[in-house]
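Take a walk through this model, strand by strand and then ring by ring. Keep the view open while you read.

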Amino acid sequence: VGSDTVVRNGDKPAALSDLLPGTLVNVHFSPTGAGHDIAREIDIIAASGSVFQFAGKVTYLDMSRGLMALQNRTNDSSYEIHFDPQNSEFQELGVGSEVQLSAVFDGSRYTARNVTVVPFKASGRKQ
């Protein structure tokens, strides 16, 4: 990093001290001409303890491990999300289920805190 490196958390300015182990970042580099690149912009994507909202389709499900893959509708990205398979609100999950959930990022993974399975009518359309 350089003295003019910009650090942001969303639309807000942040400090280098906000970059803790496990923080997910997007870094934009520029060449220095001295044989190495320098970080010009660092965008914090997720910090430990951050809560995220997801909505989309379950594309993978392992109830024994408490793990699902979710194709998130808002950014068309796939996320691995861990959950407690003993929690009754996760018992309705199936591959292809449309869900809405909130998950906490702990520095290494997302863990679902709750889930809502979007019901389908018999015709296959969302209610």
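Predicted model: local features only at pLDDT ≥ 70, side-chain atom pairs only at ≥ 80, totals over all residues.

Start at strand S5, residues 51-62. On one side, S5 runs antiparallel to strand S8 (residues 98-105), and 7 bridges join them. Here Gln53 has Ser102 as its bridge partner. S5 also pairs with strand S6 (residues 67-72), again antiparallel, over 6 bridges. Gly56 is bridged to Asn72 in S6. S5 and S6 make a hairpin with 4 residues between them. In that turn, Gly66 has a positive phi of about 65 degrees.

The parallel contribution comes from strand S7 (residues 77-82) and strand S9 (residues 110-117), which pair over 2 bridges. Ile81 stands opposite Tyr110 in S9.

Now the rings. The model has 7 aromatic pairs. Phe52 and Tyr110 form one that is edge-to-face, with 5.7 Å centre to centre and 85 degrees between the planes. This pair links distant parts of the chain: Phe52 lies in S5 and Tyr110 in S9, 58 residues apart.

Tyr110, at 11%, is buried. Tyr110 also pairs with Phe105: the centres are 5.1 Å apart and the planes at 50 degrees, so this pair is tilted. Phe105 is buried too. Ring pairs join Phe52, Phe54, Tyr79, Phe105 and Tyr110 into a cluster.

Terms used
Residues numbered from 1 in each chain as written. Heavy atoms only, no water. Pairing = 2+ DSSP bridges. Phe/Tyr/Trp six-rings, centres within 6.5 Å; stacked < 30°, edge-to-face > 60°. Buried < 20%, exposed > 50% of the residue type's maximum accessible area, 1.4 Å probe, protein only.
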